[in-house]
Amino acid sequence: MSIHIDAREEIKKLSNQIKDELIQWRRHIHMYPELSAQEHKTAKFVAEKLREFGVDEVIENFGGTTAVVGLIKGKHDITVALRADMDALPMQEKTGKPYASKVPNVMHSCGHDAHTTILLGAAKVLTELKEHLQGNVKLIFQPCEERHDCDGAKKLVEAGVLDNPKVSAIFGAHMFPELPAGKVGTKIGHMMASSDIFHIKIKGKGAHASRPHLGVDPVLVGAQVINSLHHIVSRKVDPLHPAVLTIGRIKGGYADNIIPDEIEMGGTVRTLSLELRDQIPKWMEHTIWGVTLAYGAAYEFDYQHGTPPVINDEKTTKFALGMMKDLLGEENVVELENPSMGGEDFAEYLMKVPGTFIRIGIRNEEKGITAPLHSPLFDIDEDVLPIGVSVMAYLAYKWVEEHS
């Protein structure tokens, strides 16, 4: 017969007790970042820690990826999942910090080092409270969140990460420079946008720059295509339905005095609506077809669906808001008003099971921590690490307690 404990105070105490370890783990991961699908050393570090903590099951290379999946077994069949991503970005760090990346042109500029650390901390805290845990906690350390083409979350879902035992709810968190350190936030419903990419090739007819009438200039046609595509959001999309269409890359040409035979461009589309997500590529192709036809050019159009929108479940989000207010105080929990047009493949889990994605504030102007995500100057206020651990551990603990 187990002794009743005050889970809130115990989890806060245990989370604060391991603060120095959390900072050490985070800095180690930060100094040795790995790109998407290459997270071998990070995964090994994670697996070693989970076994050290006494996690009941630890599976490496889950689904043929670099993912690590752990399972802490509780008293009943109910299972909740916690997820963190592990991959870094291909950019050079410029913070000048002593724990800055030691890998040239690779950096944790999106906080995945902190996400991994927080989930490790939650695993440690929950294993120490295992005799009181009323259900199972599945720990998902996911690769490939940053790359569209390697389907990090999608591959794990297809490989059965939400089964055996079946997950009843999932929670994930992300560093958020727009919230002050010490505060957390989330919202019911649409939290983040879908994230798709496209590539366009405009095929013309090469000629000498002094004789444009003898060719079909793909540079000019491409300029008209870009201009026309940008009218889709402003003139075809309902202003009450947020959408973004951005051309982020254009390539072509050989020399200043040559009209090339083709150019290429690429970009991204973000929407909150699944219906709009399906409609925009149709509008895009119709626009590209019309412009190229008018100028006598041809085209190739490739549109790739990335991650769907992150839509937080109402029940789990109300639960999360209530538990976080209980844990941190109402003044430290923000019910976010607006969704973000950024993308997150946590959406793949939410397409299968109810769950909630949470923002963890890291902004601290006194410490000079103000850089946005994906900046070479990005850093976090490490005082938030125990907060993140306590939030994730408390949500898991209370979810299985209330649903066992």
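1. Let me start with a definition: on a 1 Å grid over the protein atoms alone, a pocket is an open set of points with protein on both sides within 12 Å along at least five of seven lines, while a cavity is a set of points where a 1.4 Å probe fits but cannot get out; lining residues have an atom within 4 Å of a point. Grid points are joined across faces, edges and corners, and a volume is the space filled by probe spheres set on the points. With that in hand, the largest pocket comes to about 880 Å³. Its lining has 42 residues, and those closest to the centre are Met-192, Arg-270, Gly-342, Gly-343 and His-374.

2. A word on the basis of these notes. This is a predicted model, in which local features need pLDDT of at least 70 and side-chain atom pairs count only at pLDDT 80 or more, whereas totals for chains, interfaces and linings use all residues. Residues are numbered from 1 along each chain as its sequence is written, and side-chain values use heavy atoms, with hydrogens and water left out.

3. Helices (H or I, at least four residues) and strands (E, at least two) are DSSP runs, numbered from the N terminus. Two or more lining residues of the largest pocket come from each of helix 5 (152–158), strand 5 (169–180), strand 7 (189–192), strand 8 (195–203), strand 12 (262–271), strand 13 (298–307) and strand 16 (355–363). Strand 5 gives the largest share, five residues. By class the lining splits into 16 nonpolar, 13 polar and 13 charged residues; here Ala, Val, Leu, Ile, Met, Phe, Trp, Tyr, Cys and Pro count as nonpolar, Asp, Glu, Lys and Arg as charged, and the others, Gly among them, as polar.

4. Buried or exposed? Thr-116 counts as buried because its relative accessibility is 0%; buried means under 20% relative accessible area, exposed over 50%, and partly exposed in between (1.4 Å probe, protein chains only). Taking contact as heavy atoms within 4.5 Å, and not counting residues up to four places away in sequence, Thr-116 touches Ile-29, Val-46, Ala-84, Asp-85, Met-86 and Phe-141.

5. Helix 3 is worth a look. Just after helix 3, Gly-54 has a positive phi of about 95 degrees.

6. Some backbone geometry to check by eye. Most residues other than glycine have a negative phi, and most peptide bonds are trans. Ala-37, in the loop between helix 2 and helix 3, has a positive phi near 70 degrees; this alanine counts as partly exposed because its relative accessibility is 37%. Cys-144, in the loop between strand 4 and helix 5, has a positive phi of about 60 degrees and is buried, with a relative accessible area of 5%. The peptide bond from Asn-164 to Pro-165 is cis, with omega near 0 degrees, and Pro-165 sits in the loop between helix 5 and strand 5.

7. Finally, two residues placed in sequence and space. His-4, in the segment before helix 1 (7–17), counts as exposed at 73% relative accessibility; His-4 and Lys-75 are 71 residues apart in sequence and 14 Å apart in space, C-alpha to C-alpha. Ile-311, in strand 14 (residues 310–312), is 49 residues from Glu-262 in sequence and 40 Å from Glu-262 in space, C-alpha to C-alpha.
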